[in-house]
Amino acid sequence: MGGASDVGMPVDAEQAWRDLQRIRVPQERVYDEFEHTVSGGRRMTYGTAALMWVFLAGVGMDLPQWGVGLFMAAYAGLLGLLVVMSSRRSRMRLHHTRCPGRMWAAFGAAAVLVGGTIVLADHLTESLEPIYAGPLQATAAVTVYVLSLGPANRWAADSVRRGGEPAADEEAGR
């Protein structure tokens, strides 16, 4: 029956501890889920890569200024839609997880790497017709993006995993 009469009842501390351990989500599983959430999965990676390829190939076609603006607005809208759809499927909500410096470093390094690839590919394909140069530049940039995304995500998520180890060690010492 619950209520005020249960206040004086003795509690078996060992049974309470076992119950807590049984229902508690192990910290390792939380970090694994975080790492999976950071990567976004294959659908997000290839969806973003395909969208990036279409955008870069289209912009490389020497469009008029209004066409580039329209293309950029469409790209930003579709990328935003892809992010919203991906975040709705995410099962994990970590309210106290902050973005560590490694995540910002990985994001910045990827931006520099992909941007540098675009500039280099533009320079190398200058003599080609825009119909050929645009897809070549897009292919080079998307290839660099896809090849660098996995290692960068693992490196960034590893910092969150390692950031939680001292807390787990302190808890075990109690």
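Colleague: How many helices and how many strands are there in the protein?

Modeller: A word on the ground rules: this is a predicted model, in which local features need pLDDT of at least 70, side-chain atom pairs count only at pLDDT 80 or more, and totals for chains, interfaces and linings use all residues. Residues are numbered from 1 along each chain as its sequence is written, and side-chain values use heavy atoms, with hydrogens and water left out. Helices (H or I, at least four residues) and strands (E, at least two) are DSSP runs, numbered from the N terminus. From that end the elements run α-α-α-α-α-α, and the protein has six helices and zero strands.

Colleague: What share of the residues in the protein is buried?

Modeller: Buried means under 20% relative accessible area, exposed means over 50%, and partly exposed is in between (1.4 Å probe, protein chains only). Among the 174 residues of the protein, the buried share is 26%.

Colleague: And how much of the accessible surface belongs to carbon and sulfur atoms?

Modeller: Accessible areas come from the Shrake-Rupley method with a 1.4 Å probe, and for residues only the protein chains shown count as cover. The total is about 12600 Å², and the part belonging to carbon and sulfur atoms is 64%.

Colleague: Among contacts between residues at least 6 apart in sequence, what percentage joins residues at least 24 apart?

Modeller: Contact here means heavy atoms within 4.5 Å. Of the contacts between residues at least 6 apart in sequence, the share joining residues at least 24 apart is 82%.

Colleague: What span should helix H5 have, given its residues?

Modeller: The expected span is 1.5 Å times one less than the number of residues. H5 covers residues 101-124, which makes 24 residues, and its end C-alpha atoms agree with the expectation because they too are 34 Å apart. Buried positions in H5 include Met103, Val114 and Ala121.

Colleague: Which residues form the aromatic cluster?

Modeller: Rings of Phe, Tyr and Trp (its six-membered ring) pair if their centres lie within 6.5 Å; planes under 30 degrees apart count as stacked, over 60 as edge-to-face and the rest as tilted. The structure holds two aromatic pairs. One is Phe55 with Phe71, stacked at 6.0 Å centre to centre with 20° between the planes, and it links helix H3 (residues 41-59) to helix H4 (residues 65-89) across 16 residues. The cluster consists of Phe55, Phe71 and Tyr75.

Colleague: What is the centre-to-centre distance of the pair formed by Phe55 and Tyr75?

Modeller: This pair also links distant parts of the chain, with Phe55 in helix H3 and Tyr75 in helix H4, 20 residues apart. Tyr75 is buried at a relative accessible area of 18%, and beyond residues up to four places away in sequence it touches Leu51, Met52 and Phe55. The rings of Phe55 and Tyr75 are stacked, with 15° between the planes and a centre-to-centre distance of 4.3 Å.

Colleague: How far apart are the C-alpha atoms of Thr48 and Leu82?

Modeller: Thr48 is found in helix H3 and counts as buried because its relative accessibility is 10%. Leaving aside neighbours within four places in sequence, Thr48 is in contact with Leu79, Leu82 and Tyr145. Thr48 and Leu82 are 34 residues apart along the chain, and their C-alpha atoms are separated by 7.7 Å.

Colleague: Which side chain makes a polar contact with the side chain of Gln137?

Modeller: A polar contact is a pair of N or O atoms within 3.5 Å; within protein, one must be able to donate a hydrogen and the other to accept it, and residues adjacent in sequence count only if both atoms are side-chain atoms. Gln137 sits in helix H6 (residues 130-173) and counts as buried because its relative accessibility is 11%. Leaving aside neighbours within four places in sequence, the contacts of Gln137 include Ala121 and Asp122. At 3.0 Å, the polar partner of the Gln137 side chain is Thr125.
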